[in-house]
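Thanks for coming. I will go through a few parts of this structure, one after another. Please have a look at it first.

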Amino acid sequence: MDRRTALRAAALGATSLAFSGCLWKGAATKSQVAADRPAQPGRGPYGPIAAPDSNGIGLPQGFSCRVLAKSGQTVSGTSYTWHLAPDGGACFPAGDGWIYVSNAEVDSPGGGASALRFDAGGKVTSAYQILANTDRNCAGGATPWGTWLSCEEVSEGRVYETYPDGSREAVVRPAMGTFKHEAAASDPERGVIYLTEDQPDGCFYRFRPRSWGDLSSGTLEVLMGGSETSGKVTWRQVPDPDATQTTTRQQLAGVKKFDGGEGCYYARGTCWFTTKGDDRVWAYDAGRERLSLVYDDSLVKAGEAPLTGVDNITGATSGDLFIAEDGPPQMQINLITPDRVVTPFLQVNGQDESEIAGPAFSPDGTRLYFSSQRGNSGEKKGTGGITYEVTGPFRRV
């Protein structure tokens, strides 16, 4: 029995015991039990992926894809050269159109973020830089007040607040901590921003601004807990967010460790985040301060796990989660439905040395944006990066 099979067997046994205990006591509602049930493969709402199109993208029937930008090449209809290694992204309303922002995961001075602006019909009208001279801007997150938090994935990484319309210079936000930042997700109900850390022994943080909408000052807190994959959790203040002597993840005993924090997405009282080291998708119920496991490839009960190499994550208004994969065996975006079915949505073919990044929906929910960070070149500097747009009958409720 290999390690993965052993882990699966052990985890399934523990899960069965947990479920039987809840049912025996009669203490858990149906929704609470479902919330602790890891997603399993099944047929998705859009059906199977069809043969690849002319761009090498396989999509369900009724969907189509176009290329918007390629690294090192001028964006069509503009004079702007698209950045290398496109990574995390998000969409923002802008007049009668919208803006898609995208990070550049390369070393300074190439790191930073760029933007594509669209008119009401979806035509790209301009492209431009919104952040420059930073290091390995991997993921990030949108704020409710319309800014983009671009996160540096380096040991002394910071969060930069940027302005998608390019109207203001980006501002570094030191109060949000110095560590290997990955992604951010805003929770307006509690007035906090959740942060992931891309380390094998990384932590899950939340930043509590002194004044909501102003990230210049506030309190950085870290999730506390043991090794369990579900249950109540607590938060404690990080003594030294600047990490002047000790890294943030090592300043307190009893912090909850996560194996390579990646994407982060908040909606409807829950923050979903992913960890790449163990191929897991987590859910933090902010109202109940409770952690649960949404998906684990070692908990797939039958057949091959459809989702591996979990990375960036976003969601649709339907409640479906869209999770990008980092590399082989497939290059896919999988979705997890509210009733915990995990299924492939799209596949990028012929780019096995790349990774999918930056999934984000247009404000009206009819278009999905994403990038292949290295394209078919596989070059680590991201010279072959490609940014795409998918349109089709996305379900809304």
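Strand 6, residues 111-118, is largely enclosed by the rest of the structure, because 7 of its 8 residues are buried. Buried here means under 20% relative accessible area, exposed means over 50%, and partly exposed is in between, with a 1.4 Å probe and protein chains only. Strands are DSSP runs of E with at least two residues, numbered from the N terminus.

A word on the source: this is a predicted model, where local features need pLDDT of at least 70 and side-chain atom pairs count only at pLDDT 80 or more, while totals for chains, interfaces and linings use all residues. Residues are numbered from 1 along each chain as its sequence is written, and side-chain values use heavy atoms, with hydrogens and water left out.

Which strands does strand 6 pair with? Two strands count as paired if DSSP finds at least two bridges between them. Strand 5, residues 97-104, runs antiparallel to strand 6 and is joined to it by 7 bridges. In that pairing, Tyr 100 has Leu 116 of strand 6 as its bridge partner. The two strands make a hairpin, with 6 residues between them. Strand 7, residues 124-134, is also antiparallel to strand 6, with 8 bridges. Ser 114 is partnered there by Gln 129 of strand 7.

Strand 16 pairs with strand 21, residues 290-296, over 2 bridges, and Gly 231 stands opposite Leu 291.

Between strand 19 (270-275) and strand 20 (280-285) there is a loop that holds Asp 278. Is Asp 278 buried or exposed? It is buried, at a relative accessible area of 17%. Leaving aside residues up to four places away in sequence, Asp 278 touches Asp 259, Asp 296 and Asp 297, where contact means heavy atoms within 4.5 Å. From Asp 278 to Phe 258 is 20 residues in sequence and 8.9 Å in space, C-alpha to C-alpha.

That is the last part I wanted to show.

Notes: Helix = DSSP H or I, 4+ residues; strand = E, 2+ residues; numbered from the N terminus.
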